[in-house]
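Here is a short report on one structure. It covers a sheet, a ligand site and some salt bridges.

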Amino acid sequence: MYTILKRLATILMPLVVAMNIASDEASANSSIDKAMQGVRSAVRKAEADPTRPICHFHPPSQWMNDPNGTIYHKGFYHVFYQHNPYDDEWGHMHWGHTRSKDLVHWEYLPIALWPSEEKGEEHCFSGCARINGSGEPMIFYTMVPPRSDKCVHQQWAALGDDDLVFWKKHPANPILDLDTQGGPRFGDSWRDPFIFEEAGHTFMVLGADLGEEAVIPIYESEDPDLSRWQYRGILFRLPKEDLKFFECPNFFKLDGKWILFCSPYRPVEYFIGSFDLGTYTFSPETRGILDHGRGRSANFYASNILFDNRDRCVLFGWVRGFEKGRGWNGCLALPRILSIGPDGHPRQTPVPELESLRGKHVQVSDLELKDGERALDHVKSDALEITATFDLGNAKACGMKVLRAGNECAAEIRYDSRSLVVAETEVPLELKEGENILDLHIFIDRSVMEVFADKGRISVTRIIDPGQRGMSIECFAESGEARVKSLEVWELASIW
Ligand code: FRU
């Protein structure tokens with residue numbers, strides 16, 4: 001009898017597994033179809049909104065937040081992103097997906113991850129992507145069950161096809177949970193896996209809660225397939241009065257230094273220093289703000305990076321702070337090349353590929369500004385790129401105004417020898433004694449403005465109200481004489 005049953009089981013088992021896989025696939029397909037229908041339903045409304053940027057990536061419609069799983073693979077830059085396909089507010093976290101060959105033009109791809117409700121999953125939170133030792137594409141992310149089940153995070157994985165387009169949940173999920181992770185009992189917030197390699201080892205870091213401290217635990221992969229992980233310790237910790245939580249930690253080596261980025265419910269912060277592989281600890285030497293959005297509601301948030309085939313470190317971020325009810329909400333910041341300056345602080349430069357969008361061009365040099373405004377004729381566009389060098393001279397302040405159609409001021413960029421103020425966000429900035437020469441690189445794309453100052457040492461992302469159609473600019477000086485040493489303006493073409 002036993003042998004008959006055993007034989008029956010051997011025959012039936014593959015069938016049951018196959019049926020499970022088939023039902024998993026069927027439920028995945030229907031979840032994705034439903035989600036894509038949600039996106040399609042809002043496209044017309046989103047497209048009609050004159051404030052939606054034309055040079056920044058955004059989903060076809062609805063809500064997006066963090067860039068996830070940024071990876072360069074087979075000639076494409078892939079960016080996944082937190083996505084609510086059903087509304088233009090946060091909720092129902094899926095992973096949207098896009099790819100680009102040039103970091104400028106983006107191709108929409110099917111939704112990559114969806115919450116597997118039949119497995120008790122309500123949201124697929126942020127994470128990263130990697131190719132494992134067997135050459136399989138993998139996504140690592142935080143699985144979030146419904147709140148009523150007590151919000152206990154788990155780390156899950158998904159396996160993708162060779163083009164990273166179609167994904168299925170990993171059979172070994174959860175690949176890490178709070179009961180088996182082998183470390184201290186972290187609080188329920190334990191999320192946003194990020195993977196890095198060093199000296200032949202593969203590590204994962206996460207943001208976590210440990211009593212009075214915000215911490216970043218570190219795990220090491222035990223197998224080349226990246227499905228088993230061992231707790232190694234706490235990479236970095238800070239008291240909660242200093243920093244509440246390390247959302248979306250990115251930890252990686254650049255120019256011989258180790259960089260930690262985190263999104264602590266306020267503008268993204270950087271820490272730069274050294275990593276001790278023996279003790280698995282990070283010791284920062286410098287710290288600062290990566291992008292000065294406004295106060296607690298930073299407009300640039302949840303950064304993520306990738307290294308491309310030219311070994312460039314490309315930085316992505318989520319631009320947030322838009323009004324709801326427009327059929328879309330959120331976009332990617334323009335991709336930036338990241339480096340570390342001689343002072344040990346980061347430098348950010350918009351990727352040079354963006355130059356391909358440059359159209360009509362206006363150039364000015366040696367423009368005297370005498371206690372007043374000088375409009376730049378012939379510039380009127382929804383999207384502009386500007387490079388400028390100002391000499392403050394004996395003026396109290398100088399800068400530039402972005403004007404809506406009808407000449408109302410939409411935003412001001414103002415420098416006064418102590419600080420740079422970009423659309424009401426103030427950043428301390430003292431230039432070389434006695435010189436007061438300020439360089440600016442500005443992108444204005446309808447409601448999104450990104451300003452890079454002092455050779456990429458300062459970056460500020462802001463949301464502005466661009467009005468209906470067409471913006472122009474003027475330069476100004478206050479209480480004295482300043483000079484625009486050089487200024488170039490390009491009208492930018494849409495990326496779509
Ligand atoms: C950051 C964040 C992450 C989380 C995701 C949820 O914006 O809160 O910590 O994984 O967004 O959408």
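In what order do the five strands of the open sheet stand? The order is 4-3-2-1-20, and the pairing is mixed. Strands here are DSSP runs of E with at least two residues, numbered from the N terminus. Two strands pair if DSSP finds at least two bridges between them.

A word on the source: this is a predicted model, in which local features need pLDDT of at least 70 and side-chain atom pairs count only at pLDDT 80 or more, while totals for chains, interfaces and linings use all residues. Residues are numbered from 1 along each chain as its sequence is written, and side-chain values use heavy atoms, with hydrogens and water left out.

Strand 1 pairs with strand 2 (residues 76-84) in the antiparallel sense, over seven bridges. Met64 has His83 in strand 2 as its bridge partner. In general, strands of a sheet pair through backbone hydrogen bonds, either parallel or antiparallel.

**The ligand site**

The residues around the ligand include Asn65, Asp66, Trp90, Ser126, Arg191 and Asp192.

By class, the shell has five nonpolar, three polar and four charged residues. Ala, Val, Leu, Ile, Met, Phe, Trp, Tyr, Cys and Pro count as nonpolar, Asp, Glu, Lys and Arg as charged, and the others, Gly among them, as polar.

Which side chain has an N or O atom 2.8 Å from an oxygen atom of the ligand? That side chain belongs to Asp66. For the side chain of Trp90, the distance from a ligand oxygen to an N or O atom is 2.9 Å. Ser126 takes part through a polar backbone atom, 3.1 Å from a ligand oxygen. The protein covers 91% of the 320 Å² of accessible area that the ligand has on its own. This area comes from the Shrake-Rupley method with a 1.4 Å probe.

**Salt bridges**

How many salt bridges does a search of the whole structure find? It finds 38. A salt bridge is a side-chain nitrogen of Lys or Arg within 4 Å of a carboxyl oxygen of Asp or Glu.

| Pair | N to O distance |
|---|---|
| Lys169 and Glu121 | 2.8 Å |
| Arg347 and Asp343 | 3.2 Å |
| Arg310 and Glu353 | 3.3 Å |

Lys169 lies in strand 8 (residues 167-169), and Glu121 in the loop between strand 4 (107-113) and strand 5, so their pair ties together parts 48 residues apart in sequence. Lys169 is buried, at 11% relative accessible area. Glu121 is buried too, at 2%. Buried means under 20% relative accessible area, exposed over 50%, and partly exposed in between (1.4 Å probe, protein chains only).

Glu353 is buried at 17% relative accessibility, whereas Arg310 is exposed at 54%. Arg347 is buried at 15%, and Asp343 is partly exposed at 35%. Elsewhere, salt bridges that share partners join Asp242, Arg266, Glu269 and Arg287 into one network.

How values were computed:
A residue is near a molecule or strand if one of its heavy atoms lies within 4 Å of it. A polar contact is a pair of N or O atoms within 3.5 Å; within protein, one must be able to donate a hydrogen and the other to accept it, and residues adjacent in sequence count only if both atoms are side-chain atoms. Helices (H or I, at least four residues) and strands (E, at least two) are DSSP runs, numbered from the N terminus.
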